[in-house]
Amino acid sequence: MSRGVIQPSQQKLAEKLTILNDRGIGMLTRVYNIKKACGDPKAKPSYLVDKNLESAVKFIVRKFPAVETRNNNVSIPMYTSVMQRKVEGRNVFLATVNFDLTKNYLDLVVTYTTLMIILSRIEERKAIIGLYNYAHEMTHGASDREYPRLGQMIVDYENPLKKMMEEFVPHGKSLSDALVSLQMVYPRRNLSADQWRNAQLLSLISAPSTMLNPAQSDTMPCEYLSLDTMEKWIVFGFILCHAALNSDAAALSLWKLALQSSTCLCLFRDEVFHIHKAAEDLFVNIRGYNKRINDIRECKEQALSHAGSMHRERRKFLRSALKELATVLADQPGLLGPKALFVFMALSFARDEIIWLLRHADNIQKKSTDDFIDKHIAELIFYMEELRAHVRKYGPVMQRYYVQYLSGFDAVVLNELVQNLSVCPEDESIIMSSFVNTMTSLSVKQVEDGEVFDFRGMRLDWFRLQAYTSVSKASLGLADHKELGKMMNTIIFHTKMVDSLVEMLVETSDLSIFCFYSRAFEKMFQQCLELPSQSRHSICFPLLCTHFMSCTHELCPEERHHIGDRSLSLCNMFLDEMAKQARNLITDICTEQCTLSDQLLPKHCAKTISQAVNKKSKKATGKKGEPEREKPGVESMRKNRLLVTNLDKLHTALSELCFSINYVPNLIVWEHTFTPREYLTSHLEIRFTKSIVGMTMYNQATQEIAKPSELLTSVRAYMTVLQSIENYVTIDITRVFNNVLLQQTQHLDSHGEPTITSLYTNWYLETLLRQVSNGHIAYFPAMKAFVNLPTENELTFNAEEYSDISEMRSLSELLGPYGMKFLSESLMWHISSQVAELKKLVVENMEVLTQMRTSFDKPDHMAALFKKLTSVDSVLKRMTIIGVILSFRSLAQEALRDVLSCHIPFLVSSVEDFKDHIPRETDMKVAMNVYELSSAAGLPCEIDPALVVALSSQKSENISPEEEYKIACLLMVFVAVSLPTLASNVMSQYSPAIEGHCNNIHCLAKAINQIAAALFTIHKGSIEDRLKEFLALASSSLLKIGQETDKMTTRNRESVYLLLDMIVQESPFLTMDLLESCFPYVLLRNAYHAVYKQSISANA
């Protein structure tokens, strides 16, 4: 069939243009990826870097294409160009009327041009194609059928634009007509910010009376058409049909305006085209083009000197315009219906300016870079995201509005226009009627029922109709019926508002190009975080990562994973950095608050009290010039509202950043869900953990550590600040406290790091209690604290400040029941090691002790046997150490009970009641379970379950249970018969002031009772019987020293007598009646009288 006979409907131009443009983008994607792979040493194909293939590759490139191509007459290598011929010469292009046809045609020209330029930039293209052909020949026995054409094309298109300028000569008229039709659109879009401002562009509130009127335009699709796209059409179009620049003033005007706006254009993704240099290089070889070259140079100067500032002012205007628009629509989302055009115009304008900045900042051609650094770009992106969110959220509102618009107004007007057409061929009439019928059948109920709308068929029919009616000899010429074209363009926009809102958002506001400008993207993010006023908009950067997958194409599926991974890593990095920044601000606030809390500690009031006392007694204090110390709370007094403290700045910065973190509950990037608040929560947990441990100020070298009360004050100040975070961000801060503080009650945290439990446990065991064992510290029962003793070498710490009631309660608050249980277990481990040593000493003296056990009523024989005993002092010293540890544990348990009684009084009273009412005949295993529960609540028990567990683990396999029991009995004998030796120790004197002895022998009472109870519970013996035996032996031994005449031996006899009273008072198994039967009470009374009298005389 000859070309002249083909009917417009048979050409299927609409379908072909749609497919070719889509395929063109797919091919661009593949070629772009090939170029990037070849340019990256890490991603370069192995066959291009293989040394064995190097000579072969060079040979192929030198001989390329190495196939006879004379019989392949190919001028334009792609069938896209053949399609251009079919489209051109026979159609009338008017951007404002047959928009879809003109746009797709110009897109095809630009896509083709871009593809050729990027292909020519692949240095290894000849090697890749040549190697492929050789591989094909070796595999299939013949060259690829298309290789000669492709090879010749590569050779012909070494300078693609020059070659294409020659090819497009026959098509110049159609192309230039299409471009010149932009004179009604492009100049109106390419205005300065002042002109936009004067016109009140995008403002909904500038004319309140027309706020509800639908936004109308004769050129609906052109209003939100990308400026970047139009500039590419104009620049590449007029390069290809440059003759129009000499003959058409309108063409020259458009060309110069485009050249003045930018110094480079986006070819594809981050590939750019430097307009002025390329155009000048092409025109310099054309005779008579000196004037055009001068125009190019003038435009370049204009672009370099003014374009940057012009676009900067545009961005400034758009920031305020989009903010106003987003605010109004958030308050009145119903306006999205009539003013939808404004939203998409705003998105398109902003997107153009952002892409322009991104492209030019990466390709700066002037010394001054101020115009290409925009620290407020995040704000503009943020308002874009806000508008996008409004459209997505209120999509049904827009659908409802435009369904009514289409059926109630558009269908009626279109029907009238069709009826008034003087000529309407059958095909066109059928299509137009289907439009009217489709719109008339629409109803609001379909929206309410959630019906899915699809107007793609209707839009494709309109595209077809444009192709049919734009042919120069068409019966119904669309150029002659512009009203019909404008009305249909408006209707098409309205249909998109019903079924293609997501696609419209991608078309007007997709910023996936940031994926290919990672460095600039990250730099913008850092600038945003550094500027406190902009940090509230930082969430826009993770939100932009959701755009990235929209730049992928089905013709290049393998890049999906690469782009997806990049979007995930960038989103993760942005959210992580935001959380870190917020965490750092919170930490700084906590530090400030801890400092303020520290000022309220009791230790700081001493100076104030001293000054008050001296002032009362009228004593001169200090130096005259000494400044008066500021009292806590002064920081809250403001003389001026403008005075801003560091804490104010931190709170302001935090509230701004938290707004961003709290902006969206979650965001989905490549089928992965990110929750910004969880990033902050995890960072707060990590920092809180480190801060708590850090605030202990533990120094292993000097064995210094913070007092528990001071640490508790700091932790509470820290927690108060963290609780206030809930005012900024919707996070569960209680969960943070539970996770962190519960971990601190364990030996190690979840990261295997030491906790405050392990630090304080180690310090009390290795530092405080070790110094007690060395005789530098004594336990004072009257004060319920450990106190430093006067020694030659002063200790670096005051024991009382770490062991009194308030400090132990603070320790219990910090460590909690779990931490105190760990402390108890560690104490018991030390006791068990001492008991193990005691058992060894018993075994050494077993024969003597066995005899002494049965000879306590034979004084002379006992004296003789006692002289045979070895390591008597060691036994007493180890028992004293055990007593000291148990005394410390008693303090800790009492403090824990006090703390828990405040927090959970009903539960503690229930446990106490349970413990107090265990029947005596209860099975020991059941009783031990109750004791374990009671001990965990800090309640004292007759038998210490922790000590029982610790001593149970000592059972030796080589010794029978009977032997173990015997050793336990003899241990009590050993201790009982050793007590008299204490009387000779000068430090054994009892002090009524402290209700104890300076060498801690008063702790023996607790040690004897607790060890006996634990050992005989383990060996299932009678605790009462064994303690009675102990009391008989001890009283017999002590009565013997009453008959001694050696003053050195009996110097502190009365003080030692009191131990018997202490043992009975401490024991739940012994009574004073039992003691009276063994040891006359008159001796105890006289002993108390003697020690008190001695104390008074010593003080005097």
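Me: Two strands pair if DSSP finds at least two bridges between them. Which residue stands opposite tyrosine 779 in β6?

Reply: Phenylalanine 786 does. A word on the source: this is a predicted model, where local features need pLDDT of at least 70, side-chain atom pairs count only at pLDDT 80 or more, and totals for chains, interfaces and linings use all residues. Residues are numbered from 1 along each chain as its sequence is written, and side-chain values use heavy atoms, with hydrogens and water left out. Strands (E, at least two residues) and helices (H or I, at least four) are DSSP runs, numbered from the N terminus.

Me: How many bridges join β5 to strand β6, and what lies between them?

Reply: Four bridges join β5 (residues 777-780) to β6 (residues 785-788), and the two run antiparallel. They form a hairpin with four residues between them. Lysine 784, in the turn, has a positive phi of about 50°.

Me: Which way do the residues of β5 point?

Reply: In a regular strand, side chains alternate between the two faces of the sheet. Here Ile777 and Tyr779 point one way, Ala778 and Phe780 the other. All of them are buried. Buried means under 20% relative accessible area, exposed over 50%, partly exposed in between (1.4 Å probe, protein chains only).

Me: What is the count of aromatic pairs?

Reply: Rings of Phe, Tyr and Trp (its six-membered ring) pair if their centres lie within 6.5 Å; planes under 30 degrees apart count as stacked, over 60 as edge-to-face and the rest as tilted. The count comes to 40 aromatic pairs. One joins phenylalanine 514 and phenylalanine 521: their centres are 4.8 Å apart and their planes at 35°, so this pair is tilted. Tyrosine 779 and phenylalanine 786 have ring centres 5.0 Å apart and planes at 45°, so they are tilted too. Tyrosine 779 has a relative accessible area of 10%; for phenylalanine 786 the value is 0%. Ring pairs link both into a cluster with Tyr760, Trp763, Tyr764, Phe797, Tyr802 and Phe888.

Me: Where does the charged end of arginine 536 sit?

Reply: A charge sits over a ring if NZ of Lys or CZ of Arg is within 6 Å of the ring centre and within 35 degrees of the ring normal. Arginine 536 has its charged end over the ring of phenylalanine 659, 3.9 Å from the centre. Lysine 339 sits likewise over phenylalanine 342, at 5.4 Å.

Me: How many residues of α47 are buried?

Reply: The count is 11 of 14, so helix α47 is mostly covered. Among them are Arg1053, Tyr1057 and Asp1061.
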